[in-house]
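Hi there,

Here's the structure I promised to pass on.

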Amino acid sequence: MTKNVGSIERIIRIIAGLAILAWGFLLSDPINWWGAIGAVPLVTGLVSFCPLWTVFGINTNKSA
C-alpha cells in the first residue's frame, strides 16, 4: 500500500473527519448515522492512503 495522500491533504482529511463525526454524534437521531461518514476521511487521513485516488491515478504525496 503506497501512500498517495500528501501532508496538507492528510491534515484536512483528519480535521474534516473529526468534524463530521462530531457533527453526527451531536445531532438528533434521524440523521445521527451520517456522522459515521466522517470515518472515511479520518481513516484515509490517518493511513495516508486513499483507494479512490489509486483508481484515478492521483497522488498528492510529494515524497513518493
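Below is what turned up in it.

First, some ground rules. This is a predicted model, where local features need pLDDT of at least 70 and side-chain atom pairs count only at pLDDT 80 or more, while totals for chains, interfaces and linings use all residues. Residues are numbered from 1 along each chain as its sequence is written, and side-chain values use heavy atoms, with hydrogens and water left out.

Let's start with charges. Side chains of opposite charge can pair when their charged atoms come close. The structure has one salt bridge (a side-chain nitrogen of Lys or Arg within 4 Å of a carboxyl oxygen of Asp or Glu). Arg-13 and Glu-9 form a salt bridge, at 2.7 Å from N to O. Both sit in helix H1 (residues 7-26), and because they are four residues apart there, about one helical turn separates them. Helices here are DSSP runs of H or I with at least four residues, numbered from the N terminus. Arg-13 and Glu-9 are both buried; buried means under 20% relative accessible area, exposed over 50%, and partly exposed in between (1.4 Å probe, protein chains only).

Next, Met-1. You'll find Met-1 in the segment before H1, and it counts as exposed because its relative accessibility is 76%.

Last, Pro-51. This residue belongs to helix H3 (residues 51-56). With a relative accessible area of 48%, Pro-51 is partly exposed. Pro-51 and Ala-19 are 32 residues apart in sequence, and their C-alpha atoms are 22 Å apart in space.

Cheers!

Terms used. Helices (H or I, at least four residues) and strands (E, at least two) are DSSP runs, numbered from the N terminus.
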